[in-house]
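Subject: A structure for you to look at

Hi there,

Here is the structure I promised to pass on to you. Have a look around it first, and then read my notes below.

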Amino acid sequence: MESSVNPAALTVALLSVVILPWAYQLINWLWLTPKRLERSLKQQGLKGGSYRVLHGDMKENMKLMQEARSKPINLSENIIPRLHPYVDQCLRTYGRNSIMWLGPIPSILLTEPELIKTVFNKISEFHRPMSNPLVRLLNTGLVSYDDDKWVKHRKLMNPAFHSEKIKNMLPAFYLSSAEMVKKWEKLVSEEEPCEIDVWPDLQSMTKDVISRNAFGSSYEEGKRIFELQKELLSLVMQVSMSVYIPGWSFVPTKTNRRLKKLNRDIETSLRAIINKKEKAMTEGKTASDDLLGLLIESNWRETKGNKNDKTSGMTVEEVIEECKLFYFAGQDTISILLVWTMILLSQYQEWQERARDEVL
């Protein structure tokens, strides 16, 4: 007895096997899971806007942010509506504990001190969510780890940030600051009044300080890495403002290709510096007092004392990620703080006099 198979029916069956599970996962990610989470959060008393497919609140967030930053701001105004306009709107509309949708992922905004205290007391129960793989090119390192891995990295990095080690870096701080002040003195020594935009100079100064103290003798190479990371940061910020679609990081778009090339160049340069310092240490030379040298020395001692435990120290790749974090965490944060300090000192002359007396 012969049996015949309908090719069309077979094709439909095969497509159903492949497409239906994928379609369900897509619907689950885009709609079913967000709506289930929305119901659960609102049953617990949290308020917020309803979930909107794919983008959530991100479009509205971007719109309000662009509007806020297109207008000048007075020093007496509240800074929060300018920095986080949508968050500010949510809190005013829905109360002190609200929901904000970052694409299909709900973000809970807590402002009540007791609830915040509870989160910090149970921090091991609140793991960091998985982020866009392209964003992780920038902020992998101690700030992105949990549990035992965080403890290990914190322990290994702690010696590099000991107060006595930081004091040894003061000459480099002074050198970079003195160069900037000398430039300003030259500008204001002219007969005509001069207005100086201090922001670019403070950015350059903090970059200079970190390069000197993070890489020591490899200072010039450190400055080049800084420029690469600055471009990487700009592109990552663009990417982070859009909804991440799983698998999109593998699509060879112009932005994705540039991001990955910048990351490769940074890692190649850092690896060369690390290898050079590790070679010097194996030859019996004393570790340098720059951050990278101190970190490598701490890591080397840990692995040397635990030869049977291959997980006791950090891999070269993990050391590279911590170096990238030096830059990311240190540059803009410090330069912004210095600008704000100068603004406050100019507003409150008595503080300026007291600060000057303390320095002298």
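The chain is assigned two domains, domain 1 (43-126) and domain 2 (150-359). Please keep in mind that this is a predicted model. Taken over C-alpha atoms, the centres of domain 1 and domain 2 are 30 Å apart.

How do the two domains meet? Contacts join 8 residues of domain 1 to 7 residues of domain 2. The size of an interface is often expressed as the accessible area that is lost when the parts come together. Here, domain 1 and domain 2 bury about 580 Å² between them, and 84% of that is on carbon and sulfur atoms. On the domain 1 side, Met58, Met62 and Leu75 lose the most area to domain 2, together giving 69% of what that side buries. The count of salt bridges between domain 1 and domain 2 is 0.

The structure as a whole does hold salt bridges, 16 of them. Side chains of opposite charge can pair when their charged atoms come close.

- Lys35 and Glu38 form a salt bridge, with 3.0 Å from N to O. Both lie in helix α1 (residues 7-43), 3 residues apart, which is about one turn of the helix. Glu38 counts as buried because its relative accessibility is 5%, under the 20% cut-off.
- Lys183 and Asp201 form a salt bridge whose closest N and O atoms are 2.7 Å apart. This pair links distant parts of the chain, since Lys183 is in helix α9 (residues 170-188) and Asp201 is in helix α10 (residues 198-215), 18 residues apart. Lys183 is partly exposed at 44% relative accessible area, whereas Asp201 is buried at 12%.
- Arg356 and Glu353 meet in a salt bridge of 3.3 Å, N to O. They are 3 residues apart in helix α15 (residues 349-359), so about one helical turn separates them. Arg356 is partly exposed at 38%, and Glu353 is partly exposed at 40%.

Salt bridges with shared partners also join Lys35, Glu38 and Lys42 into one network.

Finally, which residues make the nonpolar surface patch? They are Ile108, Leu110, Leu115, Ile116, Phe120, Ile123 and Phe126, and the patch covers about 610 Å². The elements giving two or more residues to the patch are β3 (105-110) and α5 (113-121). Helix α5 gives the most, with 3 residues. Phe126 sits in the loop between α5 and α6 (136-139), and Phe126 is partly exposed at 43% relative accessibility.

Enjoy exploring!

Best wishes

Technical notes
Residues numbered from 1 in each chain as written. Predicted model: local features only at pLDDT ≥ 70, side-chain atom pairs only at ≥ 80, totals over all residues. Heavy atoms only, no water. Patch = residues over 30% accessible without salt bridge, like charges linked within 9 Å, V, L, I, M, F, W, Y side chains within 5 Å. Areas by Shrake-Rupley, 256 points an atom, 1.4 Å probe, with all protein chains shown as cover. Salt bridge = Lys/Arg side-chain N within 4 Å of Asp/Glu carboxyl O. Helix = DSSP H or I, 4+ residues; strand = E, 2+ residues; numbered from the N terminus. Buried < 20%, exposed > 50% of the residue type's maximum accessible area, 1.4 Å probe, protein only. Domains from an automatic or database assignment. Contact = heavy atoms within 4.5 Å. Buried area = accessible area lost by both parts, 1.4 Å probe.
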